[in-house]
Amino acid sequence: MIFRNQALCLACAAATATAFVPINTIGMKLSPRDLISPRRQRQSITISSTSRYLNTLSDNKNTNNNKISLQSTLTSDEEASTTAQDDPNNDKGNKSQDDDEIPAFPSKNDHGIYDIINADQHNAWLKANPDKLMVIKFYAPWCRACKSVEPKYIQISKDDKYKDIPIIFGQLSVQHNKAYVKSLGIMALPSMQIYAGSEGLVENFPCGPSKIPMLKRKLTDTINAKVDPVSLTLKLDCADERNKEAEPCRTRTLTVLDEANATNEIDEVISDQRKEENLRYLRTGVPYFKDFEDDDFYDLMDKAKLVTFEQGDVIMRQGMEGTMFYVIETGEVEITVRTAFEDPLTTPSDYLGAVINILGPHNYFGERALITHEPRAASVRATQKTRCFAFEVNDIPSSSVLSGKKEATMERMQEINNKYGTDVYDIDLI
């Protein structure tokens, strides 16, 4: 008899499966697997209900007949574990290697593109190439647009016209790195960033399949602007105000422990009363200095500087490496964040981004890059003449998280991220 309705046929077959139970099993407690003939056991079929049977056969009707795989026989705990590993949004469940096994530096894949696994590898990659242009693609394994961009990105990286140019290509998956990728100003996937050696970030923009011509144009513009046409080496255009951080117009030493010296350079600008207020605040008001032993604190003060910036000076620039921590003595600064929301074709190259915070006297800045070892998440610009106490990271005792040798608490990191506007990126685009 020929069934025209295949679903009806399968339903009847499943419903009448018990009619073929071997006689020697009558009265025994059977599992669904016991209902399968020995000839079919090698196909690992488990029938638990008619609907499951129908659905699974339907799902597998186009697969090889010798590789039929139906309902999972995992326990609920095992299934939960597998689901967590397969979930593309799970930052913990699908790590291919233990953290201890991840190398410090990324390796190249078969196409010559650096596969960057995590934040540490990304920072190591940036620091290792101060004399090269670095292009990095941010993607997700489950992103359709990312998959469409991949062959085009590979083709660009292999283009012969870049053969003699000091340029390298990398890629970083958002999987397991969502918070870090957002902190870099990535607002959508796929996105591209271009770094000009030690100058830091120069381009940051979303780049779907239709934006590949824009990527090529930006690469050409960056190469023309940053690479010497004769020597074919990267020219660090630090003379351009748009590509550097401001130097203080005046630097003074503190020497707070030198009692034999009745005066020092800061006496020129700070009264004794104000000096005592500043010292008291530095000792008790700056959370990173509170736990210092007295000797460590005063040793650090002896190495500190009092620096002055003019109105409009960019003290810190987003995307660059951080080496300084500042505490404002007088004046005011604004914190700005540039995201990938800006139109790359119409936004001026010297635009620092939206203002997300303003800091006055006895506030401090610069700590995030020192603690996380990540490029600066924001720019800091003086809105008026500003004096700051400046501390170099190498002078900070290792007992402080500012040294980068001690891990900050989650509460501290949340406070820091809020301060520098990393929550600007906390949206459901990635």
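Contact here means heavy atoms within 4.5 Å of each other. Keep that in mind as we walk through this model, which is a predicted one.

Let's start with Phe365. Setting aside its neighbours within four places in sequence, Phe365 is in contact with Ile315, Met316, Phe325, Tyr326, Ile328, Val333, Leu359, Val380, Cys388, Lys419 and Tyr420. Phe365 also belongs to the largest nonpolar core, which has 44 residues. Within that core, Phe365 is one of the residues that touch the most other members, along with Tyr288, Phe289, Phe325, Tyr326 and Phe391. Strand β10, covering residues 324-330, gives the most to this core, with five residues. There's also a second, separate core, this one made of 23 residues, and Ile167, Ile194, Met214 and Leu219 are among them. As a rule, nonpolar side chains in soluble globular proteins tend to be buried together.

How do α5 and α7 cross? Helix α5 spans residues 144-157 and helix α7 spans residues 212-226; their axes come within 11 Å and cross at roughly 25°. Angles under 35 degrees count as roughly parallel, so α5 is roughly parallel to α7. As for the hand of the crossing, α5 and α7 make a right-handed one.

Now for some backbone details. Where is the cis peptide bond? Look between Leu189 and Pro190, where omega is about -5°. Pro190 sits in the loop that runs between α6 (178-183) and β5 (191-196).

Two histidines are worth a look as well. His362 isn't a glycine, yet its phi is positive, near 70°. You'll find His362 in the loop between β12 (354-359) and β13 (364-365). Is His362 buried or partly exposed? Buried would take a relative accessible area under 20%, and His362 has 22%, so it is partly exposed.

His373 also has a positive phi without being a glycine, with a value of about 65°. The loop holding His373 lies between α10 (367-372) and β14 (379-382). Exposed would take over 50%; His373 has 38% relative accessibility, so it counts as partly exposed.

How values were computed: Residues are numbered from 1 along each chain as its sequence is written. This is a predicted model: local features need pLDDT of at least 70, side-chain atom pairs count only at pLDDT 80 or more; totals for chains, interfaces and linings use all residues. Side-chain values use heavy atoms; hydrogens and water are left out. A nonpolar core is a set of buried Ala, Val, Leu, Ile, Met, Phe, Trp, Tyr and Cys residues joined through side-chain atoms within 4.5 Å. Buried means under 20% relative accessible area, exposed over 50%, partly exposed in between (1.4 Å probe, protein chains only). Helices (H or I, at least four residues) and strands (E, at least two) are DSSP runs, numbered from the N terminus. Axes are lines fitted to C-alpha atoms, for helices over the stretch in contact, and angles run from 0 to 180 degrees between N-to-C directions. Angles under 35 degrees count as roughly parallel, over 145 as roughly antiparallel, 65 to 115 as roughly perpendicular and the rest as oblique. A crossing is left-handed if the near helix is turned anticlockwise from the far one by less than a right angle, and right-handed if clockwise.
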